[in-house]
Structure formats: structure tokens, C-alpha cells
Amino acid sequence: MSPNLTFASDEAVYPNVASSSETSSVASPASIAANEILTVQNLSKIFGPKLERAADMLRQGLGRNEIFQQTGNMVAVDNVSLGVRAGEIFVIMGLSGSGKSTLVRLLNRLIEPTSGKVVLEGRDIAPMSTPELREVRRKKMAMVFQSFALLPNRTVIENVAYGLEVAGLKKTERYEVARKALVRVGLGSYEKLYPGELSGGMQQRVGLARALAVNPAVLLMDEAFSALDPLIRFEMQNELLRLQKEEQRTVVFISHDIEEAIKIGGRVGVMKDGRLVQVGTPAELIQTPADEYVRNFFRNVDISRFLKASSLLTKIEKGLFLCDTGASSERYLNQLIDSGVDCGYVCDESGRYQGSVTPASLRHCGKGPIRDALLRDIATVSPDADLHDLSSIALRQAHDVPVVDTAGKLAGVVSCRTILKQVMERRAG
Amino acid sequence: MNSSFIGQAAEHAVNFLFLHFRGGFDTFSAALDAVIKLLQDGLGAIPFAVMLIGFVAIALWRKSIVFAAFVGIAILTIHYMGLWAQTVSTLALVIAATFFSLLIGIPLGIWGARNGRAEVVLRSLLDFMQTMPAFVYLIPAVILFGLGRVPAVIATIVFAMPPVVRLTTLGIKQVREELMEAGRSFGSTDSQLLWKIQLPNALPSIMAGINQTIMMALSMVVVASMIGAGGLGEYVLSGIQRLDIGIGFEGGLGVVLLAIILDRITESFGVKSAKKRAKVKAQMSKGSAVTTQETTQTQS
């Protein structure tokens, strides 16, 4: 089967994709936001024989399949623009073949870009001369590789010191820095071993230390944990988060694993067929996916952490009583029965939530003040409560869960039915 | 018997070289002869006992006590057969030829690994050099350099060079792409990539090439005795001329023993010293044991 056939089905999504990437993604090509340390503008990479023609076709807006069919050129990265903020972990996520590994290599020009800019700390890397580029690689960017890529003939400390060695540091100086980097990744006593004598997780710690040793402005991690077994991967993710807490380093992290992306990513960019489909926080991607492709990523993921009460609540149209809590219950009994709902919500004149009532509680109270009719066992949640908290509370009580904001106002309610619906919809995908 | 056009062309080429570059060849010949003489005299001046102990010590260092014992017995056997002087002379020729083979061959191999077109040219040239019968080299060598050890060494250089060129190219090309990528990503220059990543990682392959080159040099040096190289080959040759089985066998045995000694020792340099690694590991575990002890003490 030719690759074109697989792409053909995606064509229909393109217009949609293009518009969403314009709106939701990233720095507009014209300007660079103040806190952006690395800005990528209209970056493209085309592999193959007829570069000029393919680049023209790309500029004319032709799709990747058409270009491949007509020229035999592969568009690996298609007009990607994004901004990485200082101190954040920016995850670029996509399936294999989506161009993410090519994209990260365009950032330090291990692969030469066909067109576009890569602006690091105000300087465009794309047109740099070889010596300039070498300086950037030595001082500003360091990379961690999926396959670790440690030099097997060198000991751990010699590997970690490699970047400093090519930069021309003296042996004692570079070993001192390398030793500190090793201690930081928890391998202080392993410096004399060879990489082959370490486990996979330890090898990647060495890889991480080697990158940290040059104290880069931007750390590029290309599927750095993908080759590790699940337990070690989990441990390394935590290790990265721990290091990130100690020093806010800017990290561009490539991953195909959505759970990894939402765990470590401050923001996540989703790539598909060489394009950046959507950029946002994990919660944004889950709540407002740009298309089916993005939505599908989350199909098998426990997203309860990212679904918030604020996005699940329904506004109360019937059975909302704005009154003094001293008012007589009797008045509201008929209103509640007439409205046909089985639960009413009482707020004071300024809109602050006081409690919930049912026909039964109102009837029981008779002519007494409504405050005596308020149900005692109703718990409320804040709009930030996640699906997990929400469902545990909803299951415990017989009535819908009121969502109360920080000002004490009633934002709406979440019913068990809504929660169930959300969960089922995601499962069915 | 007359050769065809092809043979005549080769003859003309050699004659042309001989006529027009004779001075160059003479100078080169004199220089090479001086180097070989220095090596032969130098090695010859070392007392037998010192050489014996030296070889056994190297065998013990690189390999095992068993191999060291073998080396001791082999050298004593050669000495007993009265062939030690010839062996040293052959060894000097092998060392000289190998030295120049490597001096030319390793850079050629590096060039081949870095330049696709160079590799294509080199490959056909090496095929030619390797498959051309060894005796054939002796003819132009004699015409250009006369008889003696210089043409012998030159014919040997040509014959013995291909393996190290090929295996250097192969070794460098087999260095994993991600190691090169890592090297580049940390800002290595091309020469840093070569010296710090390509050559160290190609070393086992290059060492195998050196080993093969030495073996081929040894076999060629024996053949080259026909043009007056001297050494063990001369002894074998006289065995052939006199149809003397005893002399032929003794000379041949000397070559075999020398070959085994050189092969095993040079081969051992291709493999990382296992002993050294084990030592580091032992130190490591000792070191970490101390640290754990310390931490438990501070905890209590």
C-alpha cells in the first residue's frame, strides 16, 4: 500500500485543522512574545529530490499527498510556528511519522530546514554559519536521545563531560561540572563505569546529565523516555519534574505518549502529518480538541484529572430561589412543585448560595423560615474540582452537586447523569 | 612468449616510471633502506634473553599465562633451530612494511568512509591489489628498486595494505548514526567527530584490519625472499632449492610460530582489556559499599 492511501482519508480534516491552528496556536509569525525563549516561525522541511518545486507547491497550499504524488518529495514538517516560553516544558506530541522527531532536529539544525526561522534568544539559527551554529550547540542547546547515544568507549564521567570537552574546557574544570551534573541526576558514584555496565534508566540519566552539564538555555529531549520500561519511565518523568522544580529550565520534549505529555507538559503541541494541529495546556486539549485526531489521543486516557466541574455544570433554570433565608418555606413549596424539579437552590439576595431544598423538606418545615428547610447533607464543590472529586461527592448524595465559586455564588449544578454521560462519551470516543 | 597489448601497456608504464623518476626512486629507496636497516640492526642488537622476556611479558599482559608459556616455548624452539637471527630480520621487515601500510592505509580508509566517490575508486583499486598474485608485484619492484630488502618491503606494503583500508572504512561507517548525531548536537567539529567518536568506536574494526595487514605482510615477506629480502623466507627458499624437507620445515615452522605470536598479541589490542574493566567494577562496588555504610551511620 502506498503511503498516499493512508493520508487520503485525512484530507477532509485539513481546512478545519488549518483554521484551528491559526486561532488556538502559538505566536503569530510577525511578533515574538516577551517571555518566549525559542520561537519557531513557518518552519518547513521537505525531503527528496525536487526541493524547489515541492517548496513552491507547499507555498501554493497543496497538500502533502499531492506533493508526494507529483514530485516524490516528502513534506516532513509543514509550516510549523510555535513559541516556547522560558522555563516551561513544551511537549510536542504526535504519532510516529507525524514529523515530531524531524521538528526537534530542525531546532538545532541536525537537519537543515527547508524554510522558516528558529529564533533562540532573539537570534535566528537557520541562516547561521557553521562556527556560529557550533557555538549555539555548545552553549545554548543540548539534546537527550531516545537511544541514549552514549559513547560506549568512554566512562560515564567522560560521556557527561563531552559537551564541555568539545567546547575546550580543561579536564579538571569539565570533570568538576560533570560531577555536579551526575550528582543531580543521582549517579554520583557511577562516574568510572562504562555505559554498557548500566541499566537503561541509568544510561538515560547519564544522557540527561550530559545535556545538563553544558547548562543549556533550551533542553531538547527526543522521546527521551520512550525506550525505557514503564516503571523506569515513570521514575524518569518524576525525576524530570523534580529537576524542573529545582531550576526552571526550558525543555522541548518530544513524545508519542499522551499520558507522558499531560503529566510533564506545561503546554502540549499536537502534530499530525507534519503540521502542528493544536497547542494548549493538557486541560485545553481535552476540553476543546481541535479535531477528531486530537480527541482520539485522549480516548484511552484517564482524563478525570483534567475534566473540571466548571466545564460540566448546567445552569439552573428552574427551582432557583433568591430570597432572604428568613422567608417562609410555604411560599416556595408550590413554586418548586410547579416547576417540576425535585430540588431547589436557595441563594440570598446577593446571589450567594445558602443551601438546597426539596418539596419534602419544605413541606416538613411548614410555615417556618426557609433556612430550616435547607438540606443538611448536601456538599458543594468549587469550579476547579476534577471529575474524580465530583463523582465521589455525587455518588454520596441523592441530589445534584451544586458548584459554588470562590465568591460563594452558585455557578450551576452537576448531576450524576452529566458525569455518566461525559465518561461514556469519552469511552465511546 | 610475448604479452598482448595490455601487458605491454603495463610494461611501458613501469619503464616510463623507471626512466623519468629514477632519481626519485633512488632517494626513496635509500631512505626506506635506512629505516629498514635501523630496525633490523636495532632489533638484532637486543640480546636474545631480553627479547624472550619481553615477548613473554607482553603475552602475559595482553592474554594469559598459558599463552605466555606458549610464546616462551615457541621462541626457545626457534632459537634451538638456530633461526632466531632470521626471525628477527623477518620481524623487522614485517614491522617496516606494516608501519608504512598503516601510514598510508588508515588515512585512505578514513577518506573512503567520508567520501562516497573516493570509496568507489578505492574499492576497485583494493580489489586489484588484493587479487593480483603476490609474485607479480615483485617484477616492477625489482625493476624500479633493484634487488634486496627495499623492493621486498615495497611489494609487501602494496600487498598488505588492503585489509586495513577496507576495515578502517567499514569500521567508521558502522559507527552508529545516533552517536554521530549526539556528537554534532554538542557542537563537535568534523575533526572532533573523527577523533573523539568515529575512530575510537571504529577501533576494534581498525585493529582487526591491522592484524590482517600484519599477517599478510608476514606471508609476503616470505615470498619476497625470492628477490633477496633475507630472513626466514630465505631459509625456506633454500629448502625448496635443495629439496631439503628438514630445512623447509624448520623455516616454515619458524614463520608459523612468529605468525601465531604476532596474531594473538595484535588481536588482543582490538578487544578491550577485560581485566581492566573488572578492576574498575571492583573499585566501584567497594566505593558504593563505603557510601552506604556512611549513610547508615549518619542515619543511626
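Q: How many residues does the contact take from chain A and from chain B?
A: This is a predicted model, so keep that in mind as you look around. On the side of chain A that touches chain B, the residues divide into 12 nonpolar, 5 polar and 6 charged. Counting both sides, the contact takes 23 residues from chain A and 21 residues from chain B.

Q: Which element gives the largest share of the side of chain A that touches chain B?
A: Start with the elements that give two or more residues to this side: α6 (130–139), β6 (141–144) and α8 (162–166) of chain A. The largest share is 4 residues, and it comes from α6(A).

Q: What percentage of the residues of chain B count as buried?
A: To count as buried, a residue needs 20 or more other C-beta atoms within 10 Å of its own. Chain B has 300 residues, and the part of them that counts as buried is 35%.

Q: Are α9(B) and α10(B) roughly parallel or roughly antiparallel?
A: Look at helix α9 (residues 177–185) and helix α10 (residues 190–223) of chain B: their axes come within 10 Å and cross at roughly 165°. Angles over 145 degrees count as roughly antiparallel. That crossing angle therefore makes α9(B), relative to α10(B), roughly antiparallel.

Q: Which residues in α10(B) do B:L179, B:M180 and B:G183 meet?
A: These three residues sit in α9(B), a helix that passes α10(B) in a right-handed crossing. Across from them, in α10(B), they meet B:L193, B:K196, B:I197 and B:N201.

Q: How do the residues of the contact of α9(B) with α10(B) divide into nonpolar, polar and charged?
A: B:L179 and B:M180 are among the residues on the α9(B) side, and B:K196 is one of those on the α10(B) side. Sorted by kind, the residues of this contact come to 4 nonpolar, 2 polar and 1 charged.

Q: Why does A:R109 count as partly exposed rather than buried?
A: You'll find A:R109 in the loop between α5 (100–107) and β4 (115–120) of chain A. Its phi is near 60°, a positive value in a residue other than glycine. Buried would take 20 or more other C-beta atoms within 10 Å. A:R109 counts as partly exposed because its C-beta neighbours inside 10 Å number 19.

Q: Where is A:N215 found?
A: Phi of A:N215 is also a positive value in a residue other than glycine, near 50°. With 16 other C-beta atoms within 10 Å, A:N215 is partly exposed. Its place is the chain A loop between α10 (200–213) and β7 (218–222).

Technical notes
Residues numbered from 1 in each chain as written. Chains lettered and ligands numbered in written order. Predicted model: local features only at pLDDT ≥ 70, side-chain atom pairs only at ≥ 80, totals over all residues. Axes fitted to C-alpha atoms, helices over the stretch in contact; angles between N-to-C directions. Parallel < 35°, antiparallel > 145°, perpendicular 65-115°, else oblique. Left-handed = near helix turned anticlockwise from the far one by under 90°. Contact = placed C-beta atoms within 7 Å. Nonpolar A, V, L, I, M, F, W, Y, C, P; charged D, E, K, R; others polar. Buried ≥ 20, exposed ≤ 12 C-beta atoms within 10 Å, placed from the backbone.
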